[in-house]
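Hi,

Here is the structure I promised to pass on. My notes on it follow below.

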Amino acid sequence: RVEFGHNMLIASDQFQFIVYHKVIEGVADVDLTEDTIDELYKKYPSLLYSVSFDKGFSSKKVKEAIVSSGKVELLILPKRGKRNQEEQEEENSKEFKKLRNKHSRVESDISRLEHNGLNTCPDKGLGNFKRYASTGVLSCNLHNLGRILINQERKEKDKRQNKHAA
């Protein structure tokens, strides 16, 4: 079984809403890092506390440029290959590990996209795929919003039942 597809870059917030997505066309991950930070900073200038990337997005030059820009307070950008003492200490710090572990949420986001219709694209052509991907992101975010509203409703119902029981 062979599958053809396009890579997608996605960013989600702490509430699991996908706030940025882009279909990648023939560009290496490392070449997307700074542009992604710039795009996120344009949309959310005062809200970027931490941003986490995979090792494929890492390079010394890119990391220095992002850190010096001051757009992100904590950059989680693990280095590929062997690390020096300073890099080892940075990646072994408690906060780096905590935020790095939260990065696994991206894999969850990818799975959610697949369950919300992006496992196959019935339309042909890159433009149609991009439109279909955007629809999948919208569907995923609406599903997430519905889940949040249902949980709030459930909590309110429990409070009312506890008041009547008391």
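Two strands count as paired if DSSP finds at least two bridges between them. Helices (H or I, at least four residues) and strands (E, at least two) are DSSP runs, numbered from the N terminus. Before the findings: this is a predicted model, where local features need pLDDT of at least 70, side-chain atom pairs count only at pLDDT 80 or more, and totals for chains, interfaces and linings use all residues. Residues are numbered from 1 along each chain as its sequence is written, and side-chain values use heavy atoms, leaving out hydrogens and water.

Let's start with the hairpin. S1 and S2 are antiparallel, joined over 6 bridges, and alanine 11 sits opposite tyrosine 20 in S2. Between the strands of this hairpin there are 5 residues, and glutamine 16 has a positive phi near 70°.

Next, the cores. A nonpolar core is a set of buried (under 20% relative accessible area, 1.4 Å probe, protein chains only) Ala, Val, Leu, Ile, Met, Phe, Trp, Tyr and Cys residues joined through side-chain atoms within 4.5 Å. The largest has 16 residues, and Ile37, Val51, Phe53 and Phe57 touch the most other members. Strands S1 (7-12) and S2 (18-24) and helices H1 (33-43) and H2 (60-69) each supply at least two of its residues. A second, separate core of 6 residues includes Ile10, Ile18, Leu113 and Leu118.

Finally, helix H6 (residues 126-165) holds leucine 142. Leucine 142 counts as exposed because its relative accessibility is 53%, and the cut-off for exposed is over 50%.

Cheers
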